[in-house]
Amino acid sequence: MLHIVWFKRDLRLHDHAALTAAAGLGPVLPLYVVEPDYWTLPDTSHRQFTFQTGSARDLADHIAATGGQLHVETGDMLAVLSRLRADLGPFTLHAHEETGNRWTHLRDNRVRGWARRAGVTVREYQNFGVWRGPTLNRDKWALGWDRMMGQVPLPVPRINWAAAAAPHFPTASDLGLRPDGLQTAQHPTRAAGLQTLHSFLYDRGAPYRSAMSSPIEGEAACSRLSTYLSSGLLSVREVYQAAQTRQGDIATWAPRDRDPWAGSIRSFLARLHRHCHFIQKLEAEPALEYRPAHKAYEHLRHGSDADRLQAFEDGQTGYPFVDACIRYCRATGWLNFRMRAMLMSFATYDLWLRWQDAGLVLGRWFTDYEPGIHWSQCQMQAGETGINTIRIYNPVKQGLDQDPTGVFIRTWVPELGHLPGKSVHEPWKYGGAAGYPGPIVDHADASKQARDRIWAIRQTNSARTEAGAVYGLGVLHGRHR
């Protein structure tokens with residue numbers, strides 16, 4: 001019996017449960033499918049396609065080095081499977097569980113339905129610390145996560161590769177994807193991911209805890225592993241264990257030498273835990289991608305002002321620090337977490353845009369787009385969970401705090417490069433600048449209106465009752481997949 005391993009966002013041979021299981025059962029055909037319909041979605045982009053296919057090419061190289069060939073197909077997944085069934089006869093399909101956007105969720109359901117009709121066995125395996133199946137409360141989930149992260153990462157198994165033709169990948173232009181302004185990109189290989197991990201743990205990461213909030217310092221001080229984790233070039237478990245090893249080394253140092261490394265590694269390990277925790281929320285309730293967890297907020301923002309949404313997307317809001325962050329993200333495909341939160345706050349409170357619309361804009365700019373984290377954070381920052389603290393970021397104060405000299409603004413909003421000192425944070429007070437707009441809204445007025453609207457809902461009895469049910473999502477279940 002042939003065993004097909006379907007690689008999705010797990011583009012590695014190391015620590016790969018589906019590949020390890022299949023390799024122990026018979027000949028293995030490694031399969032990667034480029035699905036054109038996926039790349040027409042509003043949360044996908046040229047930059048994501050480039051990194052994803054680059055990672056798949058790297059996977060193909062690793063497979064070739066072990067004597068196999070990655071079988072690459074382009075088309076609808078059901079059509080691909082039907083062709084393979086006709087050409088190759090019976091097979092078992094092995095794949096990791098995926099918690100992606102709604103499209104991938106529905107695609108996976110369609111694959112399971114096709115397999116039942118075709119008499120094909122599908123075996124799915126846990127990829128990292130996210131569970132399907134029985135209900136888990138927070139404590140049990142945390143214990144399960146700790147247990148899984150503590151298990152030894154799976155080595156590359158001995159594999160009897162089935163014959164396949166040399167891989168052929170479609171180009172971005174083949175799929176109608178146009179360059180989207182990306183100027184710098186991380187290298188899409190496992191070797192680059194491992195080098196990034198090592199440089200963070202042993203060189204760059206000392207100021208992680210104190211510098212992560214700054215878009216200037218964070219570029220180097222943050223781990224920069226998110227894209228390698230979202231594509232699956234690295235597994236969460238191997239990253240976690242590498243960080244634990246480093247933590248153990250640091251613990252042997254003299255107390256005066258441990259800081260700031262000890263605190264930074266501890267903080268990084270906690271964020272790996274939160275990484276899976278947020279993805280588990282989307283696994284538990286896929287509708288969180290497009291519907292607020294708290295039903296009372298479902299129609300709070302009826303629609304988005306098209307002009308405001310475009311100004312936000314173009315980095316032309318008239319708030320220099322906001323615009324600098326947007327333009328930086330468009331150019332690099334990455335932004336530190338605090339600035340992502342500030343952008344969503346500004347979009348949903350100041351501009352009163354729907355988080356779903358602003359989230360699509362940012363989702364396609366992020367090369368490291370991870371739906372489970374992204375959409376939970378979008379509605380949380382918009383105040384529509386009903387249980388989280390309402391955080392309205394003052395865009396001028398954030399600029400003064402995180403970019404006190406204005407160097408970040410002057411780099412990414414060159415129209416303001418001539419303004420001296422702190423005047424660059426509020427150019428409207430100093431006569432403005434040619435070619436740069438005035439503030440699109442008044443922050444004080446807009447934020448007050450937004451806060452009043454949200455509190456008007458939050459203080460009702462029905463909203464308080466519903467908030468209890470939302471908090472019940474702390475019971476992390478997986479019954480919907």
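This is a predicted model: local features need pLDDT of at least 70, side-chain atom pairs count only at pLDDT 80 or more; totals for chains, interfaces and linings use all residues.

**A buried residue, then the cavities**

I looked up N336 to start: it counts as buried because its relative accessibility is 1%, where buried means under 20% relative accessible area (1.4 Å probe, protein chains only). Residues are numbered from 1 along each chain as its sequence is written, and side-chain values use heavy atoms, with hydrogens and water left out.

Next I checked where N336 sits: in the loop between α14 (320-332) and α15 (337-350). Helices here are DSSP runs (H or I, at least four residues), strands are too (E, at least two), and both are numbered from the N terminus. Its side chain reaches the backbone oxygen of S213 at 2.8 Å.

Then I turned to cavities. A cavity is a set of points, on a 1 Å grid over the protein atoms alone, where a 1.4 Å probe fits but cannot get out; lining residues have an atom within 4 Å of a point. I found five of 30 Å³ or more. The largest has a volume of about 380 Å³, and its lining has 24 residues, with R9, Y38, W39, Q52 and E98 nearest its centre. β1 (2-7), β2 (28-34), α2 (46-65), α4 (102-118) and α9 (226-231) each give two or more residues to that lining.

Last entry: the second largest cavity holds about 220 Å³ of space. I see E97, E98, T99, N127 and F128 nearest its centre, among 21 lining residues.

Terms used: Buried means under 20% relative accessible area, exposed over 50%, partly exposed in between (1.4 Å probe, protein chains only). A polar contact is a pair of N or O atoms within 3.5 Å; within protein, one must be able to donate a hydrogen and the other to accept it, and residues adjacent in sequence count only if both atoms are side-chain atoms. On a 1 Å grid over the protein atoms alone, a cavity is a set of points where a 1.4 Å probe fits but cannot get out, and a pocket is an open set with protein on both sides within 12 Å along at least five of seven lines; lining residues have an atom within 4 Å of a point. Grid points are joined across faces, edges and corners, and a volume is the space filled by probe spheres set on the points.
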